[in-house]
Amino acid sequence: MPRRVPVKLVLFALVTLLIPALLTACGSADDNPQTTIDPAGAAADDIQNIYVLIWWLAVAVFVLVEGALIYAIFKFRGNKKLINGRPAPVHGNTRLEIIWTIVPAVILAVIAVPTIQGIATMAEEDDDAFQITVIGNQFFFEFEYPDIIGPDGEPLRVVNDMHIPVDTRIELTLVSNDVIHSFWVPRLAGKTDIIPGRENRMWLESDDVGAFVGQCAEFCGTAHGDMRFTVVADADEDFDDWVATNFATPDDPIEAGQQIMESICASCHLVEGTAAQGTIGPELTNFANEDQIADVVENNEENLRAWLADPPAVKPGTAMPNLGLTEAQIEALVAYLYTLDGSGGQ
Ligand code: CUA
């Protein structure tokens with residue numbers, strides 16, 4: 001009579017086979033904007049190629065090892081002679097041990113070659129590439145474009161949305177204003193830590209026009225989860241338009257102030273009826289009627305100017321960093337902030 005295979009074993013085998021099938025159903029970049037396995041540029045391609053190589057080697061190892069195990073279970077079950085009711089002990093098998101030492105060593109050597117090449121490629125610095133400085137803050141990212149100088153002589157600086165020209169190598173210099181953060185746009189490149197007192201470098205490139213979601217990947221405080229950002233790859237004309245829009249300052253200081261509020265301040269502050277919807281810092285919808293600024297100084301124009309120019313100088317330990325605002329930006333913000341009387345919707 002043929003031996004019956006236990007039902008539990010059959011179920012286990014089925015589930016084991018189903019798991020990879022289910023996992024491959026999770027792979028679309030539209031459903032999972034932070035997927036690493038749908039690369040959109042040269043740096044991410046390098047990582048994906050190494051990952052795929054390791055994946056297939058792991059599949060081969062899995063099939064061989066599990067196959068040998070299952071074969072041995074069925075082939076040798078119950079047909080060994082027993083000594084005192086136990087199977088005979090086996091000590092060593094030189095040939096087998098040499099094989100299972102050499103085979104993994106060869107596999108690791110095969111993985112090491114593209115990995116070391118990949119690390120070298122990632123570390124290449126290119127001073128001729130398009131330069132952007134990424135500044136980590138609790139809890140938002142600033143992006144400074146050192147080679148794009150505005151009418152006021154200051155480089156272009158934006159918050160949370162980093163625009164880049166498509167098909168262009170972008171060289172990033174990563175610096176921190178406070179603690180350790182990590183810059184990560186999974187579809188464009190690997191992650192790189194942003195460490196206070198250091199300048200780390202990385203590069204990325206996008207083959208496609210579109211928006212790519214990024215996230216701080218190093219726990220940096222209570223609002224670490226809010227440190228999301230977007231990298232938008234533009235066609236060259238669109239990129240130039242975007243730069244021009246950022247430099248266009250409305251003549252009306254109140255309008256200019258709202259523009260600054262909705263770009264720079266919006267990552268932390270909320271003003272009802274505007275695009276400023278941040279939740280990290282205090283709400284500013286009723287700022288004009290507040291008695292104090294940051295609970296420390298009287299709310300008047302002079303104190304507000306000093307606060308905007310250098311918050312930690314007014315309130316040591318405050319979560320609001322020195323944003324390096326220009327005189328003109330500060331004047332515009334002062335004009336705008338005193339229009340905020342709680343009614344919302346400027
Ligand atoms: Cu910044 Cu986590």
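This is a predicted model: local features need pLDDT of at least 70, side-chain atom pairs count only at pLDDT 80 or more; totals for chains, interfaces and linings use all residues.
- Side chains of opposite charge can pair when their charged atoms come close.
- R169 counts as buried because its relative accessible area is 17%, which is under the 20% cut-off.
- Through shared partners, salt bridges join E125, D126, D127, R169, E171 and R201 into one network.
- Where is E171 found? E171 belongs to strand β7 (residues 170-176).
- Is E171 buried or exposed? With a relative accessibility of 1%, E171 is buried.
- The side chain of E171 makes a polar contact with the side chain of R201 as well, at 3.4 Å.

**Another salt bridge to find**

- How many salt bridges does a search of the whole structure find? The search gives ten.
- One of the salt bridges joins the side chains of D38 and R187, at 3.5 Å from N to O.
- D38 lies in the loop between α1 and α2 (42-75), and R187 in the loop between β8 (181-183) and β9 (192-194), so the pair ties together parts 149 residues apart in sequence.
- D38 is partly exposed, at 27% relative accessible area, whereas R187 is buried, at 16%.

**The sheet**

- Strands of a sheet pair through backbone hydrogen bonds, either parallel or antiparallel.
- Here, five strands form an open sheet with mixed pairing, in the order β5-β4-β3-β7-β10.
- At the edges are β5 (155-159) and β10 (200-204), each of which pairs on one side only.
- On average, neighbouring strands of this sheet are turned by 25° against each other, ignoring direction.
- Strands β3 (residues 130-137) and β4 (residues 140-149) run antiparallel and pair over five bridges.
- For T133, the bridge partner in β4 is E144.

**A nonpolar patch on the surface**

- V5, V7, L9, V10, L11, F12 and L14 form a nonpolar surface patch, with about 660 Å² of accessible area together.
- V7, in helix α1 (residues 7-24), counts as exposed at 57% relative accessibility.

Notes:
Residues are numbered from 1 along each chain as its sequence is written. Side-chain values use heavy atoms; hydrogens and water are left out. Two strands pair if DSSP finds at least two bridges between them. Helices (H or I, at least four residues) and strands (E, at least two) are DSSP runs, numbered from the N terminus. Axes are lines fitted to C-alpha atoms, for helices over the stretch in contact, and angles run from 0 to 180 degrees between N-to-C directions. Patches are made of residues with over 30% relative accessible area and no salt bridge: like charges are joined within 9 Å, nonpolar side chains (Val, Leu, Ile, Met, Phe, Trp, Tyr) within 5 Å. Accessible areas come from the Shrake-Rupley method with a 1.4 Å probe; for residues, only the protein chains shown count as cover. A salt bridge is a side-chain nitrogen of Lys or Arg within 4 Å of a carboxyl oxygen of Asp or Glu. Buried means under 20% relative accessible area, exposed over 50%, partly exposed in between (1.4 Å probe, protein chains only). A polar contact is a pair of N or O atoms within 3.5 Å; within protein, one must be able to donate a hydrogen and the other to accept it, and residues adjacent in sequence count only if both atoms are side-chain atoms.
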